[in-house]
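These entries record what I looked up in one structure.

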Amino acid sequence: MTIAALDLQNVRRTYGRVVAVDNVSLTVAKGEFVTLLGPSGSGKTSTLRLVGGFDQLNGGSIRINGERIDHLPAYQRDTATIFQSGALFPHKTVAENVAFGLRMRKVDASETADRVKQYLGIVRLSGFADRFPAQLSGGQKQRVALARSLAVRPAILLFDEPLSALDLSLRLQLRAEIKNLHDQLQFSAIYVTHDQGEAMAMSSRVAVMRNGAIEQIDTPENIFHQPINEFVYTFIGESCCLAVRLGPQPTDGAGGRIDLSLQGDHAPGDARLYIRPSRLRFGPDAADLPNRLKARVEFVEFLGDMNRYHLRAAGLELFADHAGAAVHRAGDVVDVGWQSQDMRVFR
Amino acid sequence: MTGEDRAFTVARAAVIRRKRAAPWLLMLPALIIVLIFFGLPTLYMARMSFNLSEGSKLFTPGLSWANYQTVFSNEVFVGAIWTTLQLALMASAATLVIGYLFALLVWLKPAKWRLIFIGLALCPLLISEIAIIFGWWMFFPKNGLLSFALTSSGLISDKISLMYTEFAAFVGLVYLTLPFCFFILLSILDGIDKRMLEAAADLGASPLTIFREVLLPLTRNGMLVAFSQCFIFTMGTYATPSALGPDTLWTMGFLVQEQMLGRNNWPLASALSMVLVVLVAVMMVFTRALATRRATLHV
């Protein structure tokens, strides 16, 4: 068996009575890109900071390339972090920033110069070596931060929400760049984000976290298609939640009658049905689908490529995306339908 | 150009004029106060320093370098200039080191401690200099708090008095200037992204290297400002060194006071004061010259 780049065993961190990281075990193989995904306060950044050595753990162990490092200070760990703020040294030029880690590691001068050139080239900032960080745009700063961390060739790269301070188009662009870099250089990495799009697009595996613990860790496809619980399901991708009371006469939970028919047997009682809005069909398309609900169009949002219909059936609210021209208007009562495999039922 | 265009050009010019005038208008109250309460008296003092002193009159109008010649040839005055410079430099340097460490501590500690520390640092500013001097009088003498603390803790066997020593004057000055230094440095530190320290550590820099490579360059200008503030303050202050130091500790402030009130020699007092003003100005120019000129230090 090959040695993992990073191995966390039962890592725990508490602040008083608050458990920030709750027995997290996680292995990152060499060349693997693992994302920690979760809402704020889920412990993903705390976990990352424990690996980087910016915080001390209360229990468990951290190994990098098989060697235990959780007793070492940050500067003796073979990690490199890309911070949300970039955290570039403002008094040093771009080249000096990238060279910093190499100087600290006593890499000789000619090798340092070569590597600075190489990694500035990799992040496409070759002409910017003599600029100061204040003269760069947000995206350029983050690319310098990336080069600075890559240049030391750490055993594991730690990304701490590096894109969340950037605007959308830049975020998408840099996301693709980081993915390309990973394909090229095959570095090992942990990437912390609350953006499921980033997690899905870049990762070898995604760990969905909640309340300091990992709920599910798997490939992006499996997380999306086979979420193990309601939390993971709702956190990944958009979904409509229908809180219903099933029975001979289904209601919206508060007693409002709804016209709902479902395929197969469902035990009577309260249930939450989840459907992806992109999988909902309505109007004539819904007629021969096995699951149907009658709903009224509340309003329509034009989203460019598609229209998003906000619908209501008694106390239930849902929305459905439909490509092409708007076919219904507010006030229309329509049939909404979906395939059984596109629905998840949680009770 | 149509009439309408012309009217708009005129209106636009008026807007631009008003925009240019705005900073001056905002500065005006402060400017007036500075001119009236600092500029005019300084000019008056400069003029006074060239007057003559004869007999029992406060001054005799005249135009002569005689007072400056006295200041730079009389051993007492030259000695006082050196003493004052030395004391101010030492006190400012000590204040800078202590203030830096204190500000660093407050900056690095969790926010919950911050208010307590800031409150402590503010305390000396809430008490008048005279009250503080009285405090030192309880602290330094043979039967004072310091002596008591040292003997009862067993560090020394005989009671000691540090009252009326140069050391006492030095400590008194440090105490006076520390809050200013602390707040200047804290405000500079607050402008630094703490993640930068983590980034440096992450890249392999030891705490000492982080201090040298990251903190020191980024706080350099703040340190120069803090140092020159302390220097200005300690050069001019008069009560503390006179009250805590030995009788032989003749600072420029003390001599100005003596010439002005004791000997009724206003021209000589003014000349001495002008030397003080020039020394402070030189220090300010000097520290400005040492400051990093780049305004791009903060990302």
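Entry 1. I looked up the burial of Ser42(A) in this predicted model. Ser42(A) has a relative accessible area of 2%. I class Ser42(A) as buried because that value falls under 20%.

Entry 2. I then placed Ser42(A) in the fold: the residue sits in the loop of chain A that runs between β3 (33-37) and α1 (44-52). For its side chain, I noted a polar atom 2.7 Å from the backbone oxygen of Pro39(A).

Entry 3. I listed the contacts of Ser42(A), setting aside neighbours within four places in sequence. The list holds Ala20(A) together with Met209(A), Arg210(A), Asn211(A), Gly212(A) and Ala213(A).

Entry 4. I turned to the interface of chain A and chain B. Chain A brings 28 residues to the contact, and chain B brings 23 residues. I recorded a buried area of about 2200 Å² between the two chains, with 64% of it from carbon and sulfur atoms.

Entry 5. I searched for charged pairs and found three salt bridges between chain B and chain A. One of them joins the side chains of Glu198(B) and Arg49(A), at 2.6 Å from N to O. On the side of chain B that touches chain A, α8 (195-202) and α9 (207-236) are the elements that give two or more residues.

Notes. Residues are numbered from 1 along each chain as its sequence is written. Chains are lettered from A and ligands numbered from 1 in the order in which they are written. This is a predicted model: local features need pLDDT of at least 70, side-chain atom pairs count only at pLDDT 80 or more; totals for chains, interfaces and linings use all residues. Side-chain values use heavy atoms; hydrogens and water are left out. Helices (H or I, at least four residues) and strands (E, at least two) are DSSP runs, numbered from the N terminus. Buried means under 20% relative accessible area, exposed over 50%, partly exposed in between (1.4 Å probe, protein chains only). A polar contact is a pair of N or O atoms within 3.5 Å; within protein, one must be able to donate a hydrogen and the other to accept it, and residues adjacent in sequence count only if both atoms are side-chain atoms. Contact means heavy atoms within 4.5 Å. Buried area is the accessible area (1.4 Å probe) that two parts lose on being put together, summed over both. A salt bridge is a side-chain nitrogen of Lys or Arg within 4 Å of a carboxyl oxygen of Asp or Glu.
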